[in-house]
Amino acid sequence: MDYKIIYELVRQIPRGRVATYGQIARLARWGRRARHVGWAMHACPDDVPWHRVINSKGEISRRASSDHHELQRLLLEAEGVRFDHRSRVDLERFSWER
DNA sequence: GAAGTGACAAGGT
DNA sequence: CACCTTGCCACTT
């Protein structure tokens, strides 16, 4: 498979915006392989803003180690993305529109 | 090669 | 809004 497409797209997410896995999957014409976008992120090259990719609920998905999702939130907040009291992003305002 | 797993999504309740 | 169920498919046992 070619995860390059995914990385290209993620790289295009502007600062202060976020995208969902499904959104990336659709843009990459991966159909319903949203799940694998996450897998692609697992190999995330350093120049990919992986923190701007979250799940469809606006929540930060966590991997095995818990410290990383803290970092992800900090990075996003540093870019101006606001979280509500439930640690969720208002996708209406912050989702990346192509 | 079968079964289990996962940084998910959409639709129903 | 929250929770549950189902579909998905590459990757790992």
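Tyrosine 3 counts as partly exposed, because its relative accessibility is 23%. Here buried means under 20% relative accessible area, exposed over 50%, and partly exposed in between, with a 1.4 Å probe and protein chains only. This is a predicted model: local features need pLDDT of at least 70, side-chain atom pairs count only at pLDDT 80 or more, and totals for chains, interfaces and linings use all residues. Residues are numbered from 1 along each chain as its sequence is written, chains are lettered from A and ligands numbered from 1 in the order in which they are written, and side-chain values use heavy atoms, without hydrogens and water.

The structure holds one aromatic pair. Its members are tyrosine 3 and tryptophan 30, tilted, at 6.0 Å centre to centre and 50° between the planes. Tyrosine 3 lies in the segment before helix 1 (4-11), and tryptophan 30 in the loop between helix 2 (21-27) and helix 3 (34-42), so the pair ties together parts 27 residues apart in sequence. Tryptophan 30 counts as buried, at 8% relative accessibility.

Rings of Phe, Tyr and Trp (its six-membered ring) pair if their centres lie within 6.5 Å; planes under 30 degrees apart are stacked, over 60 edge-to-face, and the rest tilted. Helices (H or I, at least four residues) and strands (E, at least two) are DSSP runs, numbered from the N terminus.

## The nonpolar cores

The largest nonpolar core has 17 residues. Ile6, Val10, Ile13, Ile24, Val37 and Met41 have the most contacts inside it. Helix 1, helix 2 and helix 3 each give two or more residues to this core. Helix 1 supplies the largest share, four residues. A second, separate core has nine residues, including Ile54, Val81, Leu91 and Phe94. A nonpolar core is a set of buried Ala, Val, Leu, Ile, Met, Phe, Trp, Tyr and Cys residues joined through side-chain atoms within 4.5 Å.

Contact means heavy atoms within 4.5 Å. Leaving aside neighbours within four places in sequence, methionine 41 is in contact with Ile6, Tyr7, Val10, Val48, Trp50 and Val53. Valine 53 lies in strand 2 (residues 53-54). Valine 53 counts as buried, at 1% relative accessibility. Not counting residues up to four places away in sequence, valine 53 touches Val10, Ile13, Ala19, Thr20, Tyr21, Met41 and Gln72.

## DNA strand B

DNA strand B is surrounded by 15 residues; the closest are Tyr21, Arg35, Ser56, Ser61 and Arg63. A residue is near a strand if one of its heavy atoms lies within 4 Å of it. Helix 3 gives the largest share of the surface near DNA strand B, five residues.

In the side chain of arginine 35, an N or O atom is 2.6 Å from a base nitrogen of DNA strand B. Serine 56 uses a backbone N or O atom, 2.6 Å from a phosphate oxygen of DNA strand B.

## DNA strand C

Met1, Tyr3, Arg33, Arg35, His36, Trp39, Arg86 and Arg88 surround DNA strand C.

Histidine 36 has a side-chain N or O atom 2.7 Å from a base oxygen of DNA strand C. Arginine 86 places a polar side-chain atom 2.8 Å from a phosphate oxygen of DNA strand C. For arginine 88, a side-chain N or O atom is 2.7 Å from a phosphate oxygen of DNA strand C.

Terms used. A polar contact is a pair of N or O atoms within 3.5 Å; within protein, one must be able to donate a hydrogen and the other to accept it, and residues adjacent in sequence count only if both atoms are side-chain atoms.
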